[in-house]
Amino acid sequence: MSSPYVESYAVDGTELVSIGEASTKIKSVLKMLGIPSDLIRRAAVVAYEAEMNLVIHGGGGEMELEVWPECIKISAVDTGPGIPDIGKAMTEGFSTAPEKIREMGFGAGMGLPNIKRNSDGFELLSEVGKGTTLRSEILLQKT
Amino acid sequence: MTIGEICAALRLDVVSPGDGAREIENVIVGDLLSHILGEAREDWIWVTIQVHLNVAAVAALKELPLVILASNRTPQEDLAAKCREENIALAISPLRAYELCRQLAALGIGDARES
């Protein structure tokens, strides 16, 4: 069994302007590995939205990219306040982002649906007071 | 039509020239970053009134080679610098987004047959 290519990225939760740093690195790595461009575009959306959530809601955290022969896995883990109602959080348009952040065009309640739409596999685990883990999988070879 | 031709035709105030010879396919207008992430396609123009650094990150990730700031919005300096660094064209128009898009349509950019 071959092992995956793995990289992890610390995401600073204090600076909105830093959103995109980890996703940009993820995109560069996928390009370097020769992943097809349509899959890179999907992975970039997943990574950016996940990174946005880490900064806006999670207080920062860690992202990890795994590239397997058959799929790309992106995860985002934080130890923030957690999501009380995942069903609500997955509803398009529902957002708990502060007004100031929304004015900048973030927090439109479209992030999680965007991630799910661009993923072949999607998992969101959260516990209030402990944090949230998001896992997305994009298949390289459709079976 | 190329980025250079569009900037000249609309008399845009060019902050970052980007790749002036690159051909544009279509236009998207919006100020919600997630909407642009979800809907925009490669080689589209992005018309927005957002002026902060994250505009460059979204444009780079979605490979949007020209961002036009409507309503005479001035980009924050770090956005201008990042666009130059990433070779993304960034330009300002005094027109509001609707009028700007009307003029882009008059140039023949964008149609109903979105790929």
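Biologist: How many residues of chain B are in contact with chain A?
Modeller: In this predicted model, 15 residues of chain B are in contact with 17 residues of chain A, where contact means that the C-beta atoms of two residues, placed from the backbone, lie within 7 Å. Local features here need pLDDT of at least 70 and side-chain atom pairs count only at pLDDT 80 or more, whereas totals for chains, interfaces and linings use all residues. Residues are numbered from 1 along each chain as its sequence is written, and chains are lettered from A in the order in which they are written.

Biologist: And which elements give two or more residues to that side of chain B?
Modeller: Those are α2 (33–39) and α3 (54–62) of chain B, and α2(B) provides the largest share, with 5 residues. Helices are DSSP runs of H or I with at least four residues, strands are runs of E with at least two, and both are numbered from the N terminus.

Biologist: Switching to B:Asn87, where is it found?
Modeller: B:Asn87 is in the chain B loop between α4 (77–86) and β5 (89–92).

Biologist: Why does B:Asn87 count as partly exposed?
Modeller: Because B:Asn87 has 13 C-beta neighbours inside 10 Å; a residue is buried with 20 or more other C-beta atoms within 10 Å of its own, exposed with 12 or fewer, and partly exposed in between.

Biologist: Which residues does B:Asn87 contact, leaving aside neighbours within four places in sequence?
Modeller: B:Asn87 is then in contact with B:Gly18 and B:Asp19, and its C-alpha is 7.5 Å from that of B:Pro17, although the two residues are 70 apart in sequence.

Biologist: Now chain A, how do β4 and β5 run?
Modeller: Strands β4 (residues 121–127) and β5 (residues 131–139) of chain A run antiparallel and are joined by 7 bridges, pairing being called when DSSP finds at least two bridges between strands.

Biologist: Which residue stands opposite A:Leu125?
Modeller: A:Thr133 in β5(A) stands opposite A:Leu125, and in the hairpin, which has 3 residues between the strands, A:Gly129 takes a positive phi near 85 degrees.
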